[in-house]
Amino acid sequence: MRPAIFAVGAAAAAWSAPAAAAHAPALAAALRIARRVDGLPGVALTFDDGPHPAGTPAVLAALERAGARATFFLVGEQVRRHPSLAREIVAAGHAVALHGDRHRCQLRLTSRALDDDLARVAATVADATGLAPALYRPPYGVFSIAGLALVRRRGWRDLLWSRWGRDWRADATPEGIAAKATEDLGPGDVVLLHDADHYGAGGSHRRTAAALPLILEDVRRRGLTAQERL
């Protein structure tokens, strides 16, 4: 019995081995999962979970006022609901990337379900935008070992983040989001924000939109730019 239990435990540990990479730089480095982009002269602003009928336009407007560019990690089920917003992101000069077809943790999915999810989000984004993004971030920033292998088998790049605003929380404030997102900010940092509240606290997109001018001003004050489309 003990060898069987040990084997099951070892298999579970292997499956979930990459899960903490977003918060463990050494683990991310060991698995070659990018958290930042070395060589960038500025910082990369990224927005997950959209598109959203209110949050995405508000974020796009704030970026346009500042002359900034960003990368939007899109969820397939939201693109099917709002395909015109996905096209608006591209038309405004921003990049689109993939964030899964449904916002589900990879640790809860079989390899087959994961592969189906990746195929569907890729097809959905391509249908809506005419583009074929090859950059992927998993929901919750959590990779399983199978998910990481499947992404790389498709020739996609994986990217997590090095700074975040924790803007999905119900207790977040624009000032707090901006302070957290810009803490020790430097060239090559990838900043995680959200232009949608589909999977976070209701109304959180409004606080993100309000924080964005503060973040962009801090970026400018540090002598950096937010022009990076990953």
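**Notebook: loops, a helix pair and the core**

Arg-166 has 27% relative accessibility, so I put it down as partly exposed. The model I am reading is a predicted one. I then checked the backbone at Arg-166 and found phi near 50 degrees, a positive value in a residue that is not glycine. I placed Arg-166 in the loop that runs between strand S6 (163–164) and helix H8 (174–181).

I looked up Arg-32 next. Phi of Arg-32 is also positive, near 60 degrees, and this residue is not glycine either. Arg-32 sits in the loop between helix H2 (25–30) and S1.

The peptide bond joining Gly-50 and Pro-51 is cis, with omega about 5 degrees.

I went on to the packing of helix H3 (residues 55–66) against helix H9 (residues 204–221). Two packed helices are described by the angle between their axes and the distance between the axes. For H3 and H9, I noted axes that come within 9 Å and cross at roughly 10 degrees. Angles under 35 degrees count as roughly parallel, and H3 and H9 are therefore roughly parallel to each other. Which residues make the contact? On H3 I listed Gly-55, Ala-58, Val-59, Ala-62, Leu-63 and Ala-66, and on H9 His-205, Ala-209, Leu-212 and Leu-216. Sorted by class, the H3 contact with H9 has 8 nonpolar, 2 polar and no charged residues.

Leu-63 and Leu-212 turned up again when I looked at the largest nonpolar core. That core has 59 residues, and Leu-45, Phe-47, Leu-63, Phe-72, Leu-212 and Ile-215 are those with the most contacts inside it. In soluble globular proteins, nonpolar side chains tend to be buried together.

I took Phe-72 from that list and looked up its contacts. Beyond four places in sequence, Phe-72 touches Phe-47, Val-59, Leu-60, Leu-63, Ile-89, His-94, Ala-95, Val-96, Ala-97 and Asp-195.

Last, I checked confidence. Average pLDDT for the protein chain is 92, and 93% of the residues score at least 70. Where does pLDDT stay under 50? I found this over residues 1–13, and for these residues the model has 0 contacts beyond four places in sequence.

Methods: Residues numbered from 1 in each chain as written. Predicted model: local features only at pLDDT ≥ 70, side-chain atom pairs only at ≥ 80, totals over all residues. Heavy atoms only, no water. Axes fitted to C-alpha atoms, helices over the stretch in contact; angles between N-to-C directions. Helix = DSSP H or I, 4+ residues; strand = E, 2+ residues; numbered from the N terminus. Parallel < 35°, antiparallel > 145°, perpendicular 65-115°, else oblique. Contact = heavy atoms within 4.5 Å. Nonpolar A, V, L, I, M, F, W, Y, C, P; charged D, E, K, R; others polar. pLDDT = per-residue confidence, 0-100. Core = buried A, V, L, I, M, F, W, Y, C linked by side-chain atoms within 4.5 Å. Buried < 20%, exposed > 50% of the residue type's maximum accessible area, 1.4 Å probe, protein only.
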